[in-house]
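Please look through the model shown here with its overall form in mind, and then with an eye to how its parts pack together.

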Amino acid sequence: MEAVEAASRAAADTAQLTPARGRAARMGALGYGHPDAGAVSLALILTAAGETLG
């Protein structure tokens, strides 16, 4: 599924961003290199839904 692949790539790409909002913003540069938890969660949900629905 294209949506699953796109969500997975986008989640991985968030690791190259420095957090600017939310709780992660307090980490500043320490957050660099770690993917956004919400993006990873969405990718996992889409993966599971895609596998279940076929």
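Predicted model: local features only at pLDDT ≥ 70, side-chain atom pairs only at ≥ 80, totals over all residues.

The C-alpha trace spans about 40 × 15 × 10 Å along its principal axes, and 17% of the 54 residues count as buried. Among the contacts with a separation of 6 or more, 43% come from residues 24 or more positions apart.

Two packed helices are described by the angle between their axes and the distance between the axes. Here the axes of helix 1, residues 2–13, and helix 2, residues 37–53, come within 8 Å and cross at roughly 160°. Because angles over 145 degrees count as roughly antiparallel, helix 1 is roughly antiparallel to helix 2, and the crossing of the pair is left-handed. On the side of helix 1, the contact is made by Ala3, Val4, Ala7, Ser8 and Ala11, which meet Ala39, Val40, Ala43, Leu46 and Thr47 of helix 2. By class, this contact of helix 1 with helix 2 has 8 nonpolar, 2 polar and no charged residues.

Thr47, which is found in helix 2, deserves a separate look. Leaving aside residues up to four places away in sequence, Thr47 touches Val4 and Ser8. His34 lies 13 residues from Thr47 in sequence, and the two are 20 Å apart in space, C-alpha to C-alpha.

Key
Residues numbered from 1 in each chain as written. Heavy atoms only, no water. Axes fitted to C-alpha atoms, helices over the stretch in contact; angles between N-to-C directions. Helix = DSSP H or I, 4+ residues; strand = E, 2+ residues; numbered from the N terminus. Parallel < 35°, antiparallel > 145°, perpendicular 65-115°, else oblique. Left-handed = near helix turned anticlockwise from the far one by under 90°. Contact = heavy atoms within 4.5 Å. Nonpolar A, V, L, I, M, F, W, Y, C, P; charged D, E, K, R; others polar. Buried < 20%, exposed > 50% of the residue type's maximum accessible area, 1.4 Å probe, protein only.
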